[in-house]
Amino acid sequence: MLMLGPPGCGKSMLAKALPGILPPLTPPEALEVSTIYSLASEPSAGTMFRERPFRQPHHSSSRASLVGGGKRVSPGEISLAHRGVLFLDELPEFETRVLEGLREPVETGEVTLARAESHVTFPARFLLIAAMNPCRCGHLADASRACNRAPRCGQDYQNRISGPLMDRFDIRVEVPAVSAATLALPPHGDGSDRVAARVAAAREIQAERGGLGAVNATLDGAALETAARPDAAGQALLEEAAEKLRLSARGYHRVLRLARTIADLEGTDAVARHHVAEAVGYRRAMG
């Protein structure tokens, strides 16, 4: 998930609220996470985890600290976020070389660190959430406050995220600035408890479909074809969107997985046209 919006729009707050709606770790998952923290000699090593990890490395982080490595090879932030959330705030401020190290782990759920003597593989199955401003000054959409390089500054800033990395974000949302009048209003919409209940129900559906711990993100090949095949109207829309948006094969399959998840959150067996439409809408261009 990638969130784009001006400073002060609450991107970090939204990201930090997400771990609270995820279900607790299962015993096997808790053992995996606890073992990783022991290998990394983290302060919390030696305790059994119940809640899913939430890691928020600073944008000055090195490749080794994010992906893993060092003289004594140890897990990086992506492995410490295993079965949890990795939140990268100010995404374009990370070094390009550091961000490119995420591409393969996001796909495979693990990272392999090569050394002269051996290869070490750590698990890295995490939910990647990132946030960024539309440009360096953050006011691209406000002509009265934007810098004198707008809109070129926004294009240059967002182009620091490579196409292949951007293609790995299933959901891309623009978060508008929040006015003082809006902040003064009472909260509206569903609370975290109700959202968490829907997420738990959807994950139960996925576990029944693929086995304990299975989620739609890992569906591939025949399993994806069976579980996420949309109805005729949905398939027609998906093919049309794939052509117009020039979706890669990765993007095409990610839309399918996301549409399946949207249907699961509704408690619907079939993937319909409106599920596909919503999933496609999340892959639109930003900025």
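Colleague: Why is R83 called partly exposed?
Modeller: R83 has a relative accessible area of 24%. Buried means under 20%, exposed over 50%, and partly exposed in between (1.4 Å probe, protein chains only). The value for R83 lies in between, so R83 is partly exposed. This is a predicted model, with residues numbered from 1 along each chain as its sequence is written. Local features need pLDDT of at least 70, side-chain atom pairs count only at pLDDT 80 or more, totals for chains, interfaces and linings use all residues, and side-chain values use heavy atoms, without hydrogens or water.

Colleague: Where is R83 found, and what is its phi?
Modeller: R83 sits in the loop between α4 and β5 (85-88). Its phi is near 70°, a positive value in a residue other than glycine. Helices (H or I, at least four residues) and strands (E, at least two) are DSSP runs, numbered from the N terminus.

Colleague: What makes R246 exposed?
Modeller: R246 has 75% relative accessibility, so it counts as exposed. Its loop runs between α12 (232-244) and α13. R246 is also not glycine, yet has a positive phi, near 55°.

Colleague: How do you know that C153 is buried?
Modeller: Its relative accessibility is 6%, so C153 counts as buried. C153 belongs to helix α7 (residues 152-158). Leaving aside neighbours within four places in sequence, C153 is in contact (heavy atoms within 4.5 Å) with C135, L140 and C147.

Colleague: Why is N133 called buried, and what does N133 contact?
Modeller: The relative accessible area of N133 is 9%, hence buried. N133 lies in the loop between β8 (127-132) and α7. Beyond four places in sequence, its contacts include P7, K11, E90 and Y157.

Colleague: What makes P7 partly exposed?
Modeller: P7 has 45% relative accessibility, so it counts as partly exposed. Its place is the loop between β1 (2-4) and α1. Not counting residues up to four places away, P7 touches N133, C137, G138 and H139.

Colleague: Why are the buried residues of α11 said to be on the same side?
Modeller: In helix α11 (residues 221-228), the buried residues are L224, A227 and A228. They cover an arc of only 80° around the axis, so they share one side of α11. The arc is taken from the directions between the helix axis and the C-beta atoms. The face turned away from the buried side carries exposed A222 and T226. Among the elements covering the buried residues are α10 (192-210) and α13 (249-266).

Colleague: What describes the packing of α10 and α13?
Modeller: The angle is about 115° and the axes are 8 Å apart. Axes are lines fitted to C-alpha atoms, for helices over the stretch in contact, and angles run from 0 to 180 degrees between N-to-C directions. In α10, R198, V199, A202, I205, Q206 and R209 meet R260, T261, D264 and L265 of α13. By class, that contact has four nonpolar, two polar and four charged residues. Ala, Val, Leu, Ile, Met, Phe, Trp, Tyr, Cys and Pro count as nonpolar, Asp, Glu, Lys and Arg as charged, and the others, Gly among them, as polar.

Colleague: Which elements have the lowest and the highest mean pLDDT?
Modeller: Helix α1 (residues 11-17) has the lowest, 74, and helix α4 (residues 77-80) the highest, 97. The term is the predictor's confidence in each residue, from 0 to 100. The chain averages 88, and 97% of the residues score at least 70.
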